[in-house]
Amino acid sequence: MTRVLYVDDEPDIREIAEMALGLDPGFEVRLAASAREALTIAEGWCPDIALLDVMMPEIDGPTLLKMMRERQELANVPVAFVTARAQPSELQNFAMLDAVGVIAKPFDPMTLASTVRKLLE
Amino acid sequence: MSLMTSQTQRKTITIVALALVPASLLGLHLGVQSEFEKGRVLRSTVEETILSRDRLSALLSLHLDIETSVRGYVLTDDESFLRPFLVATPRRNELIAAIKTDLTGEPQARLLMDRLEQSSDRQFQLALSNYSDARQGRQSQSESRIASGEGRRAMDAIRRDIAALDRLERGRLAEVTSRSEGLRGNIEFLASMLIAGLSLLLAAVAIVVGKTTRQRQEALDRAQELTARQQAMFEGAVDGMLLLDEAGDIRKLNPSIIRMFGYSENELLARHNTFLMDQPTDLELSRAWLSRVGAAGLEGAGERLEFTARRKDGTSFDTEVAVSRVSDGRERRYIAAIRDISEYKRAEAMKNEFVSTVSHELRTPLTSIGGSLGLLAGGAVGELNEKAARLVDIAHKNCERLVRLINDILDIEKISSGKMHFAQDEVDLAGLIQRTVVANGSFAAAQGVSLVTPDTDRRVEVLGDPDRLEQVLTNLVSNAIKHSPRGAKVDVVLQQSGSSARIEVRDRGDGVPQEFRQRIFGKFAMADGSDNRMRGGTGLGLSIAREIAQHHGGNVSYDDREGGGTVFWIELPAISEMVQCSSASADLPRVLHIDDDRDCLSVTASAFDGLANVLSFSTMEDAERAIHEHSFAGAIIDVGMREEDGTTLIPEIRQRNPGLPVLLFSARDEDHLAAAADAVLIKSRSDLSEVVETMMRLLAERETQA
């Protein structure tokens with residue numbers, strides 16, 4: 001099973017993402033509502049990919065990525081951002097933060113799982 | 001025009017009048033002088049007349065003396081009586097001679113004078129005879145002669161003649177006097193004319209002086225008013241105003257500057273303007289700028305630049321500064337208007353924040369709505385009944401439309417604020433078309449429209465942002481699909497003419513309505529809101545498409561299609577597929593050059609100018625095609641191509657062009673290269689002339705071998 005961690009402060013979007021990712025039977029999905037929760041889950045679970053919302057209260061997605069990179073066990077986890085801000089300058093910044101991809105919101109729930117599969121390749 | 005003519009005429013008249021006045025005064029002066037000359041002549045005439053009348057009366061009294069003297073002597077025989085007679089004798093001749101001279105030239109007077117002389121002589125002879133008789137004692141003879149009255153008659157004749165002459169002289173005197181009267185009249189007239197002329201001149205001078213003074217006063221008033229206005233503008237301007245001298249030192253400032261910067265006037269006067277700027281680097285910029293504005297003269301007026309300014313308290317703020325040159329006289333001055341744009345910057349930042357927030361805040365709920373509907377419509381939670389599926393479909397489509405609308409509005413905002421970022425990649429248009437056709441395939445199928453793109457192995461590249469260009473083409477293709485009837489075909493065709501690449505999207509729709517043509521590229525432009533097929537559009541697509549194309553140096557527009565329908569097209573400047581030497585000549589050997597550095601291709605082609613026709617290629621694909629199409633005399637090959645190794649071309653080009661010399665022009669120095677080619681030059685060590693020399697030598701060797 002491929003472990004997918006989805007981090008978003010919006011409960012509705014978390015739920016939809018869970019269902020959308022669940023369309024791929026090979027995915028095991030876990031959800032986190034904040035960066036702190038994400039770190040707690042990831043440390044024990046070690047996901048194959050983490051999908052991070054960019055704009056979150058307290059700790060945002062890019063900061064979470066940095067924090068993951070600072071932890072040995074999470075340093076190599078591939079990360080993709082899910083963002084409602086599709087400013088090209090921001091996209092460039094994400095690329096520099098060695099994210100494997102950027103998924104724009106609103107995403108197509110029927111193709112989200114296959115998009116994540118592609119990023120894993 | 002007529003105003004100018006009348007002004008010129010008035011000027012001429014004034015000049016002529018001013019010239020006439022002294023001329024007439026001179027004339028008057030000459031006239032008066034001549035009249036005075038005439039008067040002098042008259043005066044001397046009068047003097048002569050009076051003198052001659054005096055002489056006449058003297059002659060008369062002389063004769064009376066002679067008569068009395070002789071008669072006294074005859075009667076008394078007293079010799080003392082004879083004294084007057086003796087004195088008169090010589091005096092008479094003198095007087096007669098003088099009177100004769102006086103009267104020369106006047107016939108009547110001469111006649112009278114002759115008669116007078118005779119009378120005088122006779123009277124003198126009588127007196128002389130009486131004197132002689134009396135002296136010789138012949139008293140009786142003398143007495144009888146006296147008694148005969150002959151002496152008295154002679155005396156009467158003298159009196160008569162003298163009286164006649166005197167009348168004549170009196171007449172002359174009267175005539176002269178009357179002439180002198182006339183002369184006085186003339187002089188009086190001339191004098192009054194002179195006075196009148198002088199008065200006229202004075203009046204003219206007074207008028208001219210008055211007018212000039214008035215005009216000067218008016219000009220002065222105007223200048224003062226202008227200065228006052230400028231002063232008021234300078235003092236009252238909301239913008240900070242500085243008057244700078246040529247060196248950029250502050251010579252004057254307005255209250256806004258004091259308010260803006262917190263310095264007093266004295267703290268700023270004579271300081272260099274960069275004193276108000278925040279960064280030391282701004283100093284150089286300011287100097288350069290000022291001198292440029294100065295050099296540009298009035299053309300550089302009002303040039304604007306943004307500076308970060310510093311207040312007295314050390315805080316900084318954003319300003320926009322416009323500098324104009326104000327005098328082109330001896331001293332060069334500048335007016336710098338400083339505007340505090342920190343509010344504007346804040347507002348701009350707020351707008352950006354707002355746009356960003358809106359895009360985020362709207363997209364977040366839309367993600368939930370769209371996601372839910374997408375899952376429902378996609379059957380992720382099981383089959384829906386027909387009506388429910390239809391409703392979910394409608395909701396889903398409109399949700400997508402809302403997302404597109406938000407994206408389009410953000411795009412428009414980004415384009416209009418110049419913030420849209422455009423990548424500068426080499427974009428293969430055939431690939432772009434393929435991607436767009438695939439992406440729109442399902443939409444076309446849903447509309448019953450077939451998307452057709454002819455197969456082409458033609459490679460046309462443009463420089464630009466692949467995502468944005470795909471956005472443009474997608475817009476045109478989806479519009480074409482929307483406006484095509486079911487069963488129709490939409491063609492997407494790639495063309496290239498010269499340096500211009502063109503993609504045409506041809507549909508068989510109803511065409512662009514006449515009344516819509518004016519505003520088709522405007523914002524929120526839709527042909528007909530009630531048009532079912534237009535549902536899902538935002539009315540911003542074509543406006544964005546055109547803006548994007550124009551940012552790429554191209555354009556988007558349309559033409560009516562023959563036989564019905566419309567052809568929408570994008571034109572973009574193509575990267576020339578082949579850089580060919582401009583002086584291509586059939587007589588020169590053809591050399592293939594492949595290198596992924598376009599600059600290198602271009603300079604190498606120029607270096608062979610007149611020696612060989614160099615066909616340059618930046619991709620292996622293009623070079624391969626050329627090898628199939630042309631024969632070559634030689635080849636220059638770059639080894640370290642981005643993705644492939646140029647040496648892989650060698651077998652094929654040699655097969656098609658037996659004995660062809662190959663020159664490897666490589667950035668790397670590797671032993672194995674020498675075996676593959678006729679010559680190897682290393683980019684860092686050899687210059688272009690060496691490349692040309694080597695290739696020309698190889699070509700010559702081959703020629704002799706053949």
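View 1. The mean pLDDT of chain B is 82. Of its residues, 90% reach 70 or more. Residues 578-583 of chain B fall below 50. Beyond near neighbours in sequence, that stretch still has 15 contacts in the model. Where pLDDT is low, the predicted coordinates should not be read in detail.

**View 2. Thr45(B) in helix α1 of chain B.** Helix α1 spans residues 2-76. Thr45(B) has a relative accessible area of 18%, under the 20% cut-off, so Thr45(B) is buried. Leaving aside residues up to four places away in sequence, Thr45(B) touches Arg172(B) and Val176(B).

**View 3. The buried residues of helix α16 in chain B.** This helix covers residues 620-629. Met620(B), Asp622(B), Ala623(B), Arg625(B), Ala626(B) and Ile627(B) are buried. They pack against β14 (590-594), β15 (613-617) and α17 (650-656) of chain B.

**View 4. The ring pair Tyr263(B) and Phe275(B).** The count over all chains comes to 7 aromatic pairs. In this pair the ring centres lie 5.1 Å apart and the planes meet at 45°, so the pair is tilted. The pair links distant parts of the chain, 12 residues apart. Tyr263(B) sits in the loop between α6 and α7, and Phe275(B) in the loop between α7 and α8. Tyr263(B) is buried at 7% relative accessibility. Phe275(B) is partly exposed at 22%.

**View 5. An aromatic cluster and charges over rings.** Ring pairs join Tyr73(B), Phe85(B), Phe124(B) and Tyr131(B) into a cluster. Over the ring of Phe124(B) sits the charged end of Arg92(B), 4.7 Å from the ring centre. In chain A, Arg30(A) lies over the face of Trp45(A), 5.2 Å from the ring centre.

Definitions and conventions:
Residues numbered from 1 in each chain as written. Chains lettered and ligands numbered in written order. Predicted model: local features only at pLDDT ≥ 70, side-chain atom pairs only at ≥ 80, totals over all residues. Heavy atoms only, no water. Helix = DSSP H or I, 4+ residues; strand = E, 2+ residues; numbered from the N terminus. Buried < 20%, exposed > 50% of the residue type's maximum accessible area, 1.4 Å probe, protein only. Contact = heavy atoms within 4.5 Å. pLDDT = per-residue confidence, 0-100. Phe/Tyr/Trp six-rings, centres within 6.5 Å; stacked < 30°, edge-to-face > 60°. Lys NZ or Arg CZ within 6 Å of the ring centre and 35° of its normal.
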